[in-house]
Amino acid sequence: MTGAEEFGAELADFRSRVDELRTARALPAQERLSALDAALFELEHAADVLWPRYEELAAAARGSAEGLRGQGGQEQQLLRALFQRMPMAVALLDRETVVRRLNFAATQLFGMRAGFATGRRLTGSLRHDGRAALRGQVAAVARGEGARSLLVHLPGGRAGAALRVTLTALRPPGELRNAVLAVFQPAADGERTGPAPAAAKAAAQGSATAPYLAEVTRHAELLDLLDAMATALLERRASGAAEVLERVARVLHGRFADWVVGDLNDGGTLRRVVVLGPSSADGLRTAVAEVNPADCPLVVEATAAGTSALQVQPDDPELFGRDRDGAALLVRAEVTSLVCVPLRPAPTAPVRGALTLLRSGGRHAFEMAEAGVVDRISRHVALAVAAVDPARGRDTAEAAS
């Protein structure tokens, strides 16, 4: 018989004796003294024997529970370690494709830190044509409609751009709704619809030989960019605002951004004055140049509110407008990140235009430090524009005073 069973039997005997003592109330007064002695004895037994025994059993039960919790904690640590060390890219998503966890392989595949990815939709790291399909399949799996698999693509011509993602539902401990475990693997050769194998191999070799840019190296590059920009603005007087923006665009294009677009604000009317893009995208450059900046929500927001924008994997494909056929320009250019800054020489001065920088393909996304440098450049550009335009110069002087 275990300790708990012994205590239970003893407690049952105690209760039966107490029930017998209750009947002593019906005895004559002269016969109740012996019953009172017996009741006092039972009280002493409860205080000196039963209660200490109960505390021992309760302490033992707490120790067992803590041991089980400790074992559960060790199991969770083991599972976390396995999750992180899996050679395949694995992500834990909710039904809206929002990232809850990424393992190390997934951070390498998508080029983002786990902390940055958490709370963001994973579809932002994929090509636009596969985002809706992945969202629908993840929602179906989360509803309990069974595991499934589909093909998705990374943006641009990155190596291994075609991925086979397998989705399965799981119920995290203590939660009422299913989460979705997504496993990403390189697609088979017959499934690839992205770049040709030779191009993918060349991209892989290029990424393998590219040096790791430490923070100090990146800082030096940004200082070089500022130096080149100052030289371009000061080497000689420009003939007009359009020439200023063209000089700026030539400094930024290639070394800092794949696309550089400059727009001027003439008395509330926006006009596009410069567009520089990849040499292989002549038709797309023409389409970007033909778009009215007033139809680009990104540019309108920058010039109307005077606020800068930094977006990585922008969710809204219509931010930068559409071409004549109705196709979103961000999708056609395979934009992975963008920076849009207003051209304003002083905090209270009118906004004179906007400068938009786009990166596409496998190039790393804009960072906060880079966006800060672009914002500083925009103020210098606005001052240069004011210097070659008397009307703008008067507005700037009045704002400064």
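So, the open sheet with S7 at one end: it has 5 strands in the order S7-S6-S10-S9-S8, with antiparallel pairing. Two strands count as paired here if DSSP finds at least two bridges between them, and the strands themselves (E, at least two residues) and the helices (H or I, at least four) are DSSP runs numbered from the N terminus. The edges are S7 (269–276) and S8 (309–312), each of which pairs on one side only. Neighbouring strands in this sheet are turned by 15° against each other on average, direction ignored. For the angles, axes are lines fitted to C-alpha atoms, for helices over the stretch in contact, and the values run from 0 to 180 degrees between N-to-C directions.

Before I go on, this is a predicted model: local features need pLDDT of at least 70, side-chain atom pairs count only at pLDDT 80 or more, and totals for chains, interfaces and linings use all residues. Residues are numbered from 1 along each chain as its sequence is written, and side-chain values use heavy atoms, with hydrogens and water left out.

Back to the sheet. S9 (residues 335–342) and S10 (residues 353–360) run antiparallel and share 7 bridges. Contact, by the way, means heavy atoms within 4.5 Å.

Now look at serine 360, also in S10. Is serine 360 buried or exposed? Serine 360 is buried, because its relative accessible area is 15% and the cut-off for buried is under 20%, with exposed over 50% and partly exposed in between (1.4 Å probe, protein chains only). Leaving out residues up to four places away in sequence, serine 360 touches Asp258, Ala333, Glu334, Val335 and Thr336.

Phi of glutamate 334 is near 55°, a positive value in a residue other than glycine. Glutamate 334 sits in the loop between helix H11 (329–332) and S9, and it is partly exposed at 34% relative accessibility. There's another case in threonine 97, with a positive phi of about 65° although it is not a glycine. Threonine 97 is in the loop between S1 (89–93) and S2 (99–102), and at 0% relative accessible area it is buried.

S1 and S2 run antiparallel, joined by 3 bridges, and alanine 91 has leucine 102 in S2 as its bridge partner.

On to charges. How many salt bridges are there? The count comes to 16, taking a salt bridge as a side-chain nitrogen of Lys or Arg within 4 Å of a carboxyl oxygen of Asp or Glu.

Arginine 359 and glutamate 370 form one of them, with the closest N and O atoms 3.2 Å apart. Arginine 359 lies in S10 and glutamate 370 in helix H12 (residues 368–388), so the pair ties together parts that are 11 residues apart in sequence. Both arginine 359 and glutamate 370 are buried.

Salt bridges with shared partners also join Arg236, Glu243 and Arg247 into one network. Within that, the side chains of glutamate 243 and arginine 247 meet at 3.1 Å, N to O. Those two are 4 residues apart in helix H8 (residues 241–252), so about one helical turn separates them. Glutamate 243 and arginine 247 are both buried.

Last one: arginine 285 and aspartate 282 meet in a salt bridge at 2.4 Å, N to O. They are 3 residues apart in helix H9 (residues 282–290), again about one helical turn. Arginine 285 counts as partly exposed at 22% relative accessibility, and aspartate 282 is partly exposed at 44%.
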